[in-house]
Amino acid sequence: MKRTLLAIAAAVLLPVAAPAQTDADGCKDHPLLTRLENFYVSSCEENFNALTLRTGGSTSESKEGTLFRLYYRYNFDNGAKAKSALQIIRNYELALQKNGGKLLYRNVSGMEGTVEATLYLSTKEKEYWVQLTSFAGTDNAVEAYALNVLEVEAMKQEVAASKMFEAISKAGFIALYINFETGKSTILPESQEIVTQIADMLRENPSLQVSVEGHTDNIGTAKANQLLSQARAAAVMNAVIAKGIARTRLSAKGWGQTKPMADNATADGRGKNRRVEIVKR
């Protein structure tokens, strides 16, 4: 029987007992992941490749990036109680959620079916798509699973105040890629310079009034994305006001996932859709 699920974590999930068998030569856990208790890595591989994952219902997406493949086997020799498929799913789900990740898809169809889940994590540097496949064993005694981790580089941007004003004068808006804490509206330190440039642009052009408008990709629910986009737009607006720009010159609006500028079916498209626009009023 084969089972499939997805997992990611940035901290130890469970206490790890010393395995009866050691990891294969040159193999170790992915830097953002930890194994479940009593598993060891029997084989591994790393290269640039494509990965096809379930993202909802019958929807599958193919993504490209640096792909880490790890195959874990269970140590039955140490006498510890084996983990069930549900235990493994829940451990990885909870660990990912604590780090700001999202569960995109999961299907548990019973002993003769499959266990499949898709999890996603976005950081200031990368997108992580994690997939567990080839789950073998029974519902109450998982013997092995293959873990695939795809890393996609995050979009970065540097833009000067003069270039912002030039773009707004020509097109009426400019799309900026500001990095926030995952799932939050806290602007990360590396994006503070963009906020400074927005304030400089407004200071240099005192008649200009703008709307700060947040946009997201379609990962997660529409309601959550709308709220997040509104909070991020407000965070940028307030950060600019804190630099001495009059509150009357700015407003904030969140559009969520309703106005994509690229295809959400690709990682590059989703990166472009997660943006803040400065729109001339």
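Q: A contact means heavy atoms within 4.5 Å; what share of the contacts in the protein chain with a separation of 6 or more comes from residues 24 or more positions apart?
A: Such residues account for 66% of these contacts. The model is predicted, so local features need pLDDT of at least 70 and side-chain atom pairs pLDDT 80 or more, while totals for chains, interfaces and linings use all residues. Residues are numbered from 1 along each chain as its sequence is written, and side-chain values use heavy atoms, leaving out hydrogens and water.

Q: Why are strand 2 and strand 3 called paired?
A: Pairing requires at least two DSSP bridges between two strands. Thr52, for instance, has Ser62 of strand 3 as its bridge partner. Two residues lie between the strands of this hairpin, where Gly57 takes a positive phi near 55 degrees.

Q: What makes up the contact of helix 2 with helix 3, by class?
A: The axes of helix 2 (residues 161–171) and helix 3 (residues 192–204) come within 8 Å and cross at roughly 65 degrees. The contact includes Ala161, Met164 and Phe165 of helix 2, and Ile194, Gln197 and Asp200 of helix 3. By class, the contact has seven nonpolar, one polar and two charged residues. Ala, Val, Leu, Ile, Met, Phe, Trp, Tyr, Cys and Pro count as nonpolar, Asp, Glu, Lys and Arg as charged, and the others as polar.

Technical notes
Helix = DSSP H or I, 4+ residues; strand = E, 2+ residues; numbered from the N terminus. Contact = heavy atoms within 4.5 Å. Axes fitted to C-alpha atoms, helices over the stretch in contact; angles between N-to-C directions.
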